[in-house]
Each structure stands twice: as C-alpha cells, then as structure tokens.
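Please take a moment with the sequence and the model before reading on.

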Amino acid sequence: TRQIVAFSHFRFDMDYGVDVLYCYEIQIDPQWRRHGLGRYLMNELMHLVEKFELTKLVLTVFKSNEAALKFYKDGLQFQVDESSPNDDEVHYHILSKHNK
C-alpha cells in the first residue's frame, strides 16, 4: 500500500510588497526523517521560486527548534529575513533564501 510520508504546505504570496513563495509547513514521517526528503522538498520549493521568478522562499521556524534551525541555516543556507521581528518576546524567526 502507498502512504504519504512527507508533504509541504505553501503558497505564492506578497509579503511586505515582495513576491515570495511562503512555506507554511513541512512534515516528514519520523521514520523517514534523515533520508533527504526534507532537503528534496525544500529544493523543489526553491525550484518553484526560480521557475516563477519570485524574489525569495520564506518560512517561519520556532527559535527553540534547534534541529530545524540547523537544517535551514547550515544545510540549506537560509538566513534570518529582514522582516523577522528583532524582539526577545517573539518565539520564532522568519527565514528566507533569495532567488539566484
């Protein structure tokens, strides 16, 4: 039988007047993690950014999610976006990766 082991929820959006692809969610079945599916999905989203000539790929990640931060920042070269709140009271970062 076939089963869904990974998915991403995203949409094309205007974020502060900038055309972006916003990744709202990426989920990988725990037993399928660390097999390259997350990287594959994010690369496919970046391919959409390039194909539709968008400015950047954007996502939100909790500051406490160290594994996700390492994955996005170290593994995929995302950076804290200029729209990310610079406030210790906020529990998340907005990350982005610009189109080439």
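Is phenylalanine 12 buried, partly exposed or exposed? Phenylalanine 12 is partly exposed, with a relative accessible area of 44%, where buried means under 20% relative accessible area, exposed means over 50%, and partly exposed is in between, with a 1.4 Å probe and protein chains only. The model is a predicted one, in which local features need pLDDT of at least 70 and side-chain atom pairs count only at pLDDT 80 or more, while totals for chains, interfaces and linings use all residues. Residues are numbered from 1 along each chain as its sequence is written, and side-chain values use heavy atoms, with hydrogens and water left out.

The structure holds five aromatic pairs; rings of Phe, Tyr and Trp (for Trp, its six-membered ring) pair if their centres lie within 6.5 Å, and planes under 30 degrees apart count as stacked, over 60 as edge-to-face and the rest as tilted. In one of these pairs, the rings of phenylalanine 12 and phenylalanine 52 have their centres 5.3 Å apart and their planes at 75°, so the pair is edge-to-face. Because phenylalanine 12 belongs to strand S1 (residues 6-15) and phenylalanine 52 to the loop between H1 and S3, the pair ties together parts that are 40 residues apart in sequence. Helices (H or I, at least four residues) and strands (E, at least two) are DSSP runs, numbered from the N terminus. Phenylalanine 52 is itself partly exposed, with a relative accessible area of 47%, and ring pairs link Phe10, Phe12 and Phe52 into a cluster.

An α-helix has 3.6 residues a turn, so residues three or four places apart point the same way.

The largest pocket has a volume of about 870 Å³, and its lining is made up of 26 residues, of which Ile26, Ala67, Ala68, Phe71 and Tyr72 lie nearest its centre. On a 1 Å grid over the protein atoms alone, a pocket is an open set of points with protein on both sides within 12 Å along at least five of seven lines, whereas a cavity is a set of points where a 1.4 Å probe fits but cannot get out, and lining residues have an atom within 4 Å of a point. Grid points are joined across faces, edges and corners, and a volume is the space filled by probe spheres set on the points. Strand S2 (18-28), helix H1 (37-51), strand S3 (56-62) and helix H2 (66-75) each supply at least two residues of the lining of the largest pocket, and the largest share, seven residues, comes from H2. By kind, this lining divides into 13 nonpolar, seven polar and six charged residues; Ala, Val, Leu, Ile, Met, Phe, Trp, Tyr, Cys and Pro count as nonpolar, Asp, Glu, Lys and Arg as charged, and the others, Gly among them, as polar.

What does a search of the whole structure find among cavities of 30 Å³ or more? The search finds one such cavity, and the largest cavity has a volume of about 30 Å³. Its lining consists of Met42, Asn43, Met46, Leu57, Leu76, Phe78 and Lys97, with the largest share, three residues, coming from H1. Asparagine 43, which lies in helix H1, is partly exposed, with a relative accessible area of 41%.

The loops complete the tour. Arginine 34, in the loop between S2 and H1, has a phi near 70°, a positive value in a residue other than glycine, and arginine 34 is exposed, with a relative accessible area of 85%. Glutamine 77 lies in the loop between H2 and S4 and has a positive phi of about 60° although it is not a glycine. Valine 90, in the loop between strand S4 (79-80) and S5, is buried, with a relative accessible area of 16%; leaving aside its neighbours within four places in sequence, valine 90 is in contact with Lys63 and Pro85.

Terms used. Contact means heavy atoms within 4.5 Å.
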